[in-house]
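Subject: Structure handover

Hello,

Here is the structure I said I would pass on. Please open it next to this email.

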Amino acid sequence: MTVRTAELLMGIVTLLVSLGLMWNVWADGLRIDWVDGRGPGAGVWPFWLSLGMALASLATLYRWYTGATPESRSDAAYIDSDTLFLVGIAAFMIFALLVMMTYIGTYLALMVFMFFFVRLLGKHSWGMTAGFVIGTPIFIYLLFEVALTKYLPKGLPIFEEGFLWIDNFRYEWF
Amino acid sequence: MAAAIASFIGGTVSIILFTMFAPPLAVFALKFGPQEEFALMLLAFATFIGLGGDDIPKTIFSILLGLVLAAVGFDIISGQPRMIFFDMVEFQRGIGFLVLAIGIYGIGEMLWTLESTKGQIKMHNVKITWARMKENFGEIGQYINSTWVGSFIGFFVGTLPAAGATPAALMSYGLSKTFSKDPDSYGKGNISGVAAPEAANNAASTGSMLPMLTLGIPGSPTTAILLGGMIIWGLRPGPLLFQESPDFVWGLIGSMYVANVVTVLLNLALIPVFIRVLAMPFTLLTPIIFVLCVLGVFATTDRMFDTWIMLFIGVVGYLMRKLNYPVAPAVLAIVLGPLAERSMRQSLISSQGDITTFVTRPISLTCVLLALLLVSYPLIQRYTRKRKAAAATE
């Protein structure tokens, strides 16, 4: 996909998003005008700003049509294959991290996440990989759960129960 | 070395100017009502449109998107739920600015860095010795004048919303070159060409704190995030902050002096360490940053839902940035959104819906006129350029 096509698609998407936001205000039954005794309705701010967004999107589409923006004249690739690989894999791994955090808990998810980046993607030594895979969860546990007293997600009950002995050990001895 | 020293001087001059100007500006700002507050925010957004240098419709879209996203959740006046997308109850708590800021500046920025560097590290082999540092110290006289120029320009440019460090650095470079005895040597190794912008960008950072603390209007994305942080801690930046929380304000100003000294010491002593960190392969640095982004957001809100929003915003922000949609105005708008809506609605309620309330008070009228001037500035510029081109062809 060229940059020119991407700008057209982005213009259409932003226009649809703007119209969607306006529809959302209308569907919620929020007043977009003056309400006697109460002032501007709750929908005034989001509705009229969304209309502004729609107009800005139309202006972008018009400028695309007339070739006024550098992007609308560019036939370069929007995302080349190298970038797609790097960015795609990074975004996918964050996605996978979030899914894993929900099911297998933060710490196991972190170990898998670090193993993927350090060993599989970075091809670093086993020593370095072990350092990051083991060191990161320990550092995160000490920072978030001990220092900041934040309870991070432990996943499904089976994983959460398996983790409880660490907390028990900590509270019993420290 | 010269950059570190110039930055220190720029920072110190800027903090002294800040200490001098902040109290009188805060006293002046006590006269502000909701009309003035709203007009001032309008001015901040207009500055991004007029002087931001980005595509205007895209900048406007970015600002408005930020303002709309800030409205998600319960209405601040009537208490009605609004913008609850797909009837998901999680949206009732709104979208925190930290979630958006980390999405854009954490995830989005990292994806952008991955694209621009292709995961490769570009690092020169730098050798730093004490003897070389001592030698550089002795050269301070060569660039002290341009450092002063950069310091003063940086501070005043930094106080303008949307201006920030880059225009300050460019302006000070230009001015320093203009007044130099040897302007041709700029860009060819003259150390003054480094000192002036370095002093200016550091001074601008402090300068941008002035409108944030005294008026409650952040001048840059960084100060917008600071403002958000203060709100989380129950403080309301603005003129009353100097009266209600003097301990906090003067403590903060005092910390700037200390921070400036500590920074120059760290800069000089730890340059080799910083270089090592920057030279870390992306396969080590990237996952650490991603993990801190995800857990940082979770720790702030205790909701996995917000981490998903962060990822979504980060990827969308990256895709939009590739098409020249500016992200800084959106972050500023997210922070200012609730304040802007409240002041607009308070103004209209107090005036019984009379929209002229924004132009019948001298301060708000001045701000509105300045905002209009800034918005029309690119059009004026284009018209002038066309006339010049037409005159040249004749």
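**Confidence**

First, a caution: this is a predicted model. The predictor gives the complex an ipTM of 0.91 and a pTM of 0.80. Chain A averages a pLDDT of 91, and 100% of its residues score at least 70. Within chain A, the highest mean among the elements belongs to helix H2 (residues 44–66), at 95. The lowest belongs to helix H6 (residues 157–173), at 83. Chain B averages a pLDDT of 84. There, 94% of the residues score at least 70.

**Chain A**

Chain A has six helices and two strands. From the N terminus, the order is α-β-β-α-α-α-α-α. Is the chain spread out or compact? Its radius of gyration is 25 Å, well over the 16 Å that the globule rule gives for 174 residues, so chain A is more spread out than a compact globule. Along the principal axes, its C-alpha trace spans about 65 × 55 × 25 Å.

**Chain B**

Chain B has 17 helices and two strands. Its radius of gyration is 23 Å. A compact globule of 394 residues would come near 21 Å, which agrees. The C-alpha trace of chain B spans about 70 × 60 × 55 Å along its principal axes.

**H3(A) with H4(B)**

This pair spans the two chains. The axes of H3(A) and H4(B) come within 9 Å and cross at roughly 150°. Angles over 145 degrees count as roughly antiparallel, and H3(A) and H4(B) are therefore roughly antiparallel to each other. The crossing is right-handed. From H3(A), the contact uses A:Thr83, A:Leu86, A:Val87, A:Ala90, A:Ala91 and A:Ile94. From H4(B), it uses B:Ile107, B:Leu111, B:Leu114 and B:Glu115. The residues of this contact divide into eight nonpolar, one polar and one charged.

**H3(A) with H4(A)**

H3(A) also packs within its own chain. Helix H3 (residues 81–103) and helix H4 (residues 106–121) of chain A have axes that come within 8 Å and cross at roughly 155°. H3(A) and H4(A) are therefore roughly antiparallel to each other. Their crossing is right-handed. H3(A) contributes A:Met93, A:Leu97, A:Met100 and A:Met101. H4(A) contributes A:Thr106, A:Ala109, A:Val112, A:Phe113 and A:Phe116. Eight residues of this contact are nonpolar, one is polar and none is charged.

**H3(B) with H16(B)**

The last pair lies inside chain B. Which orientation do H3(B) and H16(B) take to each other? Their axes come within 7 Å and cross at roughly 45°. H3(B) and H16(B) are therefore oblique to each other. H3(B) passes H16(B) in a right-handed crossing. The H3(B) side consists of B:Thr59, B:Ser62, B:Ile63, B:Leu65, B:Gly66, B:Leu67 and B:Leu69. The H16(B) side consists of B:Pro329, B:Ala330, B:Val331, B:Leu332, B:Ala333, B:Ile334, B:Gly337 and B:Ala340. By class, this contact has 11 nonpolar and four polar residues, with no charged ones.

Best wishes

Methods:
Residues numbered from 1 in each chain as written. Chains lettered and ligands numbered in written order. Predicted model: local features only at pLDDT ≥ 70, side-chain atom pairs only at ≥ 80, totals over all residues. Axes fitted to C-alpha atoms, helices over the stretch in contact; angles between N-to-C directions. Helix = DSSP H or I, 4+ residues; strand = E, 2+ residues; numbered from the N terminus. Parallel < 35°, antiparallel > 145°, perpendicular 65-115°, else oblique. Left-handed = near helix turned anticlockwise from the far one by under 90°. Contact = placed C-beta atoms within 7 Å. Nonpolar A, V, L, I, M, F, W, Y, C, P; charged D, E, K, R; others polar. pLDDT = per-residue confidence, 0-100. Rg over C-alpha atoms; globule rule 2.2 N^0.38 Å.
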